[in-house]
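Please look over the sequence and the model below before reading on. The paragraphs that follow go from the strands to the helices and then to a pair of charged side chains.

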Amino acid sequence: MVKIGSHVSMSGDDMYLGSVKEALSYDANAFMVYTGAPQNTLRKRISDLRIEDAVNLMKEHNLSFDNVIVHAPYIINLANPDPEKREFAISFLTEEVKRTAAMHAKQIVLHPGSAVGGDRVLAVEWIAEGVKKVISNTRGLDVKIALETMAGKGNEIGKTFEELKAIIDLVDEKDRVSVCFDTCHTHDAGYEVKTNFDGVIKHFDEVVGKSYISVFHVNDSKNPIGAAKDRHENFGFGFLGFDSLLHVIYHQDFKDIPKILETPYVEGNPPYKEEIVMIKEKAFDPDLVLKLKSKS
């Protein structure tokens, strides 16, 4: 069975319980959450997340903890040239990993960081140093830090597979680090995901090792290949297209890896239930966007 879900919210009184309810409403068997707003570091106490209620509901519906993904906030930059800001990023990511473990999730996705000063080699070293410190601070917790493939916007680190390998090579406890493969990002970074995904994976395997891939973000792109803009499109409606994305989802090498949709809302309507139907039925609905708009 394909492991497919989407980003879901975690807010209000229900918190984590609400996340599970939302995922179930989409007929998903996987999902991804931010523990708070991705643009800031404001977080509720772990005791306020309604974790026990969420776990009980997951067990009731046979949702596996292996298919729950946490995403770290965008503002964490382990490559910041300011030592105090790097230390803050390490401290906050440490707490996020602890939250992830408390929620019974097995991995947290991280945008590796940005080479603010332009020195990408030094940025890689700082990111690896930060990851190592977070791992040391959370020793004994069964949580992987999944470095995300990036589109290359600005000075983002992780645009190339070689940069991800360079980070991983500097981390001693390699069982605590993995990769989140984002289809939109890799396409926007210049990889031929649409026309030669097998070739891209062959290259990834030669550089990093495909066994490091622990989750996919399956997003279409609003941009042509190599645009380095990171603008997601609804499933099948962008430059990647339905068939190429379906090939990623059902690829035999990754059948046990969760696939997460981060496709944009259509005028306030979450598209995930309809997109999951298309994926499960392997049938593209060219009128999906119009149908979603009609609900507004």
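Helices (H or I, at least four residues) and strands (E, at least two) are DSSP runs, numbered from the N terminus. Contact means heavy atoms within 4.5 Å, while axes are lines fitted to C-alpha atoms, for helices over the stretch in contact, with angles running from 0 to 180 degrees between N-to-C directions. The model is a predicted one, in which local features need pLDDT of at least 70 and side-chain atom pairs count only at pLDDT 80 or more, whereas totals for chains, interfaces and linings use all residues. Residues are numbered from 1 along each chain as its sequence is written, and side-chain values use heavy atoms, with hydrogens and water left out.

Eight strands, paired in parallel, close into a barrel in the order E1-E2-E3-E4-E5-E6-E7-E10, where two strands pair if DSSP finds at least two bridges between them. From one strand to the next, the twist averages 30°. Strand E7 (residues 213-217) and strand E10 (residues 259-261) run parallel and are joined by two bridges, and here Phe-216 stands opposite Lys-259 in E10.

Helices lie across these strands. Helix H7 (residues 193-207) lies across strand E6 (177-182) and E7, at about 160° to E6, and helix H3 (residues 83-102) lies across strand E3 (68-71), strand E4 (107-110) and strand E5 (144-148), at about 145° to E4.

How do the helices meet one another? The axes of helix H4 (residues 120-137) and helix H5 (residues 161-169) come within 8 Å and cross at roughly 45°, which makes H4 oblique to H5 (angles under 35 degrees count as roughly parallel, over 145 as roughly antiparallel, 65 to 115 as roughly perpendicular and the rest as oblique). The contact is made by Arg-120, Val-124, Ile-127 and Ala-128 of H4 with Glu-163, Ala-166 and Ile-167 of H5. The axes of H3 and H4 come within 9 Å and also cross at roughly 45°, and H3 and H4 are therefore oblique to each other. In this second contact, residues of H3 including Ile-90, Leu-93 and Val-97 meet residues of H4, among them Trp-126 and Val-134.

Side chains of opposite charge can pair when their charged atoms come close. The structure holds 20 salt bridges, each a side-chain nitrogen of Lys or Arg within 4 Å of a carboxyl oxygen of Asp or Glu. One of them joins Asp-14 to Arg-50, with the closest N and O atoms 2.8 Å apart. This pair links distant parts of the chain, 36 residues apart, with Asp-14 in the loop between strand E1 (4-7) and helix H1 (16-25) and Arg-50 in the loop between strand E2 (30-33) and helix H2 (51-60).
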